[in-house]
Amino acid sequence: MEGNMSAVEIKPISGGVGVEISNVDLSKELSNSDFSTIRDAFIEHGLIFFHDQNLTPEQHIEFAERWAPININRFFAKVPGYEKIAEVRKEPDQTSNIGGGWHTDHSYDQIPAMGSILLARETPPIGGDTLFACMYKAYESLSPGLKKTLEAMNAVHSSRHVFGEQSAYKDEFGERLGNASAATQDAIHPVIITHPESGRKALYVNPGFTIHFEGWTAAESKPLLDYLYKHAATLENTTRFQWREGSIAFWDNRATWHYALNDYHGERRVMHRITLDGGPLN
């Protein structure tokens with residue numbers, strides 16, 4: 001009979017969001033106790049990090065499927081032989097990276113993804129860090145008046161300008177992105193959501209995919225959206241994660257933003273990403 005004590009260690013990190021989890025080998029089947037500890041940390045913090053994880057693609061998939069069904073991204077190139085794993089790659093001769101701006105994944109979907117498990121396969125000797133921002137803190141630090149206003153509002157999100165036929169990404173990233181004809185959907189979500197598991201309120205707009213408030217024009221929306229973006233990305237809300245081979249960042253799309261820094265020109269960076277299905281946002 002399995003005991004209730006978990007040996008997993010959870011360490012605070014410098015910055016506004018996330019914890020590091022150690023004393024666990026994700027290549028092995030996790031006990032119910034260890035998995036529960038990791039899950040609780042994910043729900044509480046919205047962002048968990050691991051280092052020195054030597055996972056095969058099959059083990060990466062197995063760990064992910066313990067959380068939720070895998071969401072197969074329709075735009076990203078796949079890891080050869082593994083339809084469920086997206087490859088995020090930048091070659092030494094490429095100057096543009098994927099994800100080089102604040103965003104949260106899949107907010108353009110009617111039912112956005114829960115989160116993503118990103119595993120570093122090959123990292124540059126210097127650079128290539130990822131920034132994360134906490135949307136719980138972004139909401140909590142708003143004034144009472146602005147909270148009340150935003151809680152009555154919805155926002156429109158879209159993938160057209162990023163992944164669609166008219167997007168600059170289409171030509172810029174070549175084989176790294178595709179299926180532009182699928183970027184035809186828009187989604188409407190509350191500007192302030194209540195996280196379905198933590199019960200905390202979070203700001204749910206982002207610079208990557210939010211295009212305007214529902215019932216407002218883009219021009220009318222821009223000043224308030226710009227204010228919210230600047231507010232959310234204050235240093236007190238953010239964390240910078242330094243990768244090495246075998247590092248994992250697992251973020252909650254409902255509670256965080258992320259930003260992949262593009263400061264490693266001339267070097268190769270290869271990441272494997274699995275995205276998990278979520279539920280409706282309220």
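1. An α-helix has 3.6 residues a turn, so residues three or four places apart point the same way.

2. On the basis of the note: this is a predicted model, in which local features need pLDDT of at least 70 and side-chain atom pairs count only at pLDDT 80 or more, while totals for chains, interfaces and linings use all residues. Residues are numbered from 1 along each chain as its sequence is written, and side-chain values use heavy atoms, with hydrogens and water left out.

3. Helix H1 covers residues 32-45, where helices are DSSP runs (H or I) of at least four residues and strands are runs (E) of at least two, both numbered from the N terminus. Its 14 residues reach 20 Å from the first C-alpha to the last, close to the 20 Å expected at 1.5 Å a residue, the expected span being 1.5 Å times one less than the number of residues. Just after H1, glycine 46 takes a positive phi of about 80°.

4. E1 and E2 themselves form a hairpin with six residues between them, and glycine 15 in the turn has a positive phi of about 125°. These two strands run antiparallel and are joined by four bridges, pairing being defined as at least two DSSP bridges between strands; glutamate 9 stands opposite serine 22 in E2.

5. A further sheet is open and has three strands in the order E10-E9-E13, with antiparallel pairing. Its edge strands, E10 (186-190) and E13 (210-213), each pair on one side only, and the twist averages 30° from one strand to the next, taken between N-to-C directions of lines fitted to C-alpha atoms, on a scale from 0 to 180 degrees. Three bridges join E9 (residues 154-158) to E13, and valine 156 stands opposite histidine 212 in E13.

6. The largest nonpolar core has 45 residues; such a core is a set of buried Ala, Val, Leu, Ile, Met, Phe, Trp, Tyr and Cys residues joined through side-chain atoms within 4.5 Å. Leu150, Val191, Leu203 and Leu228 touch the most other members, and helix H7 (residues 218-232) gives the largest share, five residues. Leaving aside residues up to four places away in sequence, leucine 228 touches Leu142, Leu146, Leu150, Leu203, Val205 and Phe213. Apart from this core lies another, of 29 residues, among them Ile38, Ala41, Met114 and Leu119.

Key
Buried < 20%, exposed > 50% of the residue type's maximum accessible area, 1.4 Å probe, protein only. Contact = heavy atoms within 4.5 Å.
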